[in-house]
Amino acid sequence: MKKILLATGGGDCPGLNAVIRAIVKSAKIHGGYEVYGSIEAFKGVLSEPTEIVKLSRKKVAGIHVLGGTIIKTTNKGNPLAYPVQQPDGTWKSVDITDNLTKRIQDLGFEAVVNIGGDGSQKISQALFERGLNIIGVPKTIDNDLSATDLTFGFTTAVQIATDSLDKLVTTAASHHRVMVMEVMGRDAGWIALHTSIAGGAEICLIPEIPYDINKVLKTINKRYKKGEGFVNIVIAEGAKPAEGSIVGQKSKDVGEEHIKLGGIANYLKQQIEESGCLAQVRTTILGHVQRGGTPVAFDRILATAMGVKAFEMIANGEYGKMVTYRNNGISNVSLAEAVSAYNFLSKEHYLVRTARAIGISFGD
Ligand code: F6P
């Protein structure tokens, strides 16, 4: 029996369990393979004793409908910059990818499937370069990986955000208020843009288009003058004013590399109020509800197709690649290509143009 190791890394996202189930089921039907999961990304492999679970057909039965990941995840402990405590109590980042590769090989794993976002796939590439038979499966609700048209979890996040905006629109209208809803989107505004179009926001603020507060105010005032009297704004957590910076805090957790974003909605509220705008402003920061719960049908299907493809690649010995969804089909690209560019929204993107054509302002 050949052994496959699965790891889920970075922030979780609806659809991870559907990928795990698809790999286990395909492997079982193909025969000759056993599938294992490393708990909390590669922490399970590095722990002493190891935390690795066997993933049987029974263990994964029905999990495609569940959010989260049954093998847990973490955004701490990147093996390229692993935090190691020094004798004086301070922490030093050390590249432990050589050790990790050896450890996985010594444990007898033939192949590894690393399910994760941009950061995780950079780790996959490094491990591949050190000789590990590894395949990447893309995951992020932010949809910010350039090699794939879509990532599972994104559509679920957009649905959750749209359902929330639908609720805010009715209360905005009743109270003649400006509602500011902050959604996830660290570097890319895909969730904000899709939600704005689906939910009918008047203003959409995204990281790729720094906003001019005067333009935002102009749109708000125009709405009130027309007597329509309410405004819905969707703002990505990574959006920033043209004259200013993102709102976030450095994480205090050891090994946690990202700045914790969140709060730009409150900053925008302050800007609107300080301008003398008489409308009442309320903010909603959706946060992690966008990443939780049941994946929508599309994400279950996409995740299943990606899991099946990952197993097919293992059976064919195609390593050093990431599964992709492009032009309504599943294929793959080299990990090197997958991590070479980011999936930013451009001002020319058809959905940015669609939004502008129906009067949505980007504050530019
Ligand atoms: O990358 C996905 C994401 O959901 C971002 O949109 C967000 O900034 C981040 O993860 C939040 O991470 P955490 O769960 O560590 O707070």
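User: Before we start, what counts as a polar contact here?
Analyst: A pair of N or O atoms within 3.5 Å; within protein, one must be able to donate a hydrogen and the other to accept it, and residues adjacent in sequence count only if both atoms are side-chain atoms. This is a predicted model, where local features need pLDDT of at least 70, side-chain atom pairs count only at pLDDT 80 or more, and totals for chains, interfaces and linings use all residues. Residues are numbered from 1 along each chain as its sequence is written, and side-chain values use heavy atoms, leaving out hydrogens and water.

User: ok, how far is the polar side-chain atom of Arg186 from a ligand oxygen?
Analyst: 3.3 Å. For Asp142, a side-chain N or O atom is 2.8 Å from an oxygen of the ligand, and for Arg291 that distance is 2.9 Å.

User: And how much of the ligand does the protein bury?
Analyst: 81% of the 400 Å² that the ligand exposes when taken alone (Shrake-Rupley areas, 1.4 Å probe).

User: Switching topic, what are the domains?
Analyst: The assignment, automatic or from a database, gives domain 1 (2-152 + 295-338) and domain 2 (157-292). Their centres, over C-alpha atoms, are 33 Å apart. Domain 1 puts 16 residues into the contact and domain 2 puts in 17 (heavy atoms within 4.5 Å).

User: So where's the ligand relative to those two?
Analyst: Between them, because both domain 1 and domain 2 give residues to the shell around the ligand.
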